[in-house]
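User: I'm new to reading protein models. Could you walk me through this one, feature by feature?

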Amino acid sequence: MFIESLKDRTLDQQCTVTRPGVSSIAASYAVELFVSLLHQPLKELTPAYYATTTTKDAIGNTSDIPEGLLGIIPHSIRGSLFNYENILPATKKFTQCIACSEKVVEAFRAEGDSFLFKVFETSTYLTNLTGISEYERINNEIIDLESDLELSD
């Protein structure tokens with residue numbers, strides 16, 4: 001029996017022809033981004049490209065110019081080889097991120113290794129610390145309410 005093991009994979013995971021071409025594009029982007037970061041005063045803390053400075057030209061027209069000496073610093077680059085297009089998605093930092101939110105960073109700085117042990121020993125520690133478990137509880141209540149409404153119809 002033949003199993004289609006590549007069915008749900010992206011093109012770069014499926015194709016041995018595409019992978020070398022895409023990897024060189026990704027490597028060149030990485031080099032350019034690294035050079036741009038080296039010229040930024042905030043280095044790796046540089047905000048995403050949505051941070052702009054409004055300037056006026058000689059006529060008085062205003063325009064938004066991305067901050068940075070070498071232009072924008074995207075935090076993510078999505079590309080399409082089909083139409084040779086790059087998309088630079090950017091969002092503000094998620095305040096309840098389990099990796100970099102203020103609560104997580106502060107807890108790590110305050111507790112050090114004991115913080116890490118708590119994370120490793122308890123699967124829900126980070127979601128409780130950041131408040132994501134509260135979102136899950138509310139979501140489950142909404143799902144329960146919707147299913148109750150469907151049953152009553």
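Analyst: Let's go from the overall layout to a few side-chain pairings. Keep in mind that this is a predicted model.

User: Okay, how many helices and strands are there in the protein?

Analyst: You'll find six helices and four strands. Walk along the sequence and the pattern reads α-α-β-β-β-β-α-α-α-α.

User: And how much of the protein is buried?

Analyst: Of its 153 residues, 12% count as buried. The accessible surface is about 12,400 Å², and carbon and sulfur atoms make up 60% of that.

User: Which side chains meet in a salt bridge?

Analyst: The general idea first: side chains of opposite charge can pair when their charged atoms come close. In this structure, Glu 111 and Lys 118 do that, at 2.8 Å from N to O. The count comes to one salt bridge. Glu 111 is partly exposed at 29% relative accessibility, and Lys 118 is partly exposed at 34%.

User: What about aromatic rings: how many pairs does the structure hold?

Analyst: Two. Phe 108 and Phe 115 sit edge-to-face, 6.1 Å centre to centre with 70° between the planes. Phe 115 also pairs edge-to-face with Tyr 125, at 5.8 Å and 65°. Together, Phe 108, Phe 115 and Tyr 125 form one aromatic cluster.

User: Which parts does the pair of Phe 115 and Tyr 125 tie together?

Analyst: Phe 115 is in helix α4 (residues 113–121) and Tyr 125 is in helix α5 (residues 125–130), so their pair links parts 10 residues apart in sequence.

Definitions and conventions
Residues numbered from 1 in each chain as written. Predicted model: local features only at pLDDT ≥ 70, side-chain atom pairs only at ≥ 80, totals over all residues. Heavy atoms only, no water. Helix = DSSP H or I, 4+ residues; strand = E, 2+ residues; numbered from the N terminus. Buried < 20%, exposed > 50% of the residue type's maximum accessible area, 1.4 Å probe, protein only. Areas by Shrake-Rupley, 256 points an atom, 1.4 Å probe, with all protein chains shown as cover. Salt bridge = Lys/Arg side-chain N within 4 Å of Asp/Glu carboxyl O. Phe/Tyr/Trp six-rings, centres within 6.5 Å; stacked < 30°, edge-to-face > 60°.
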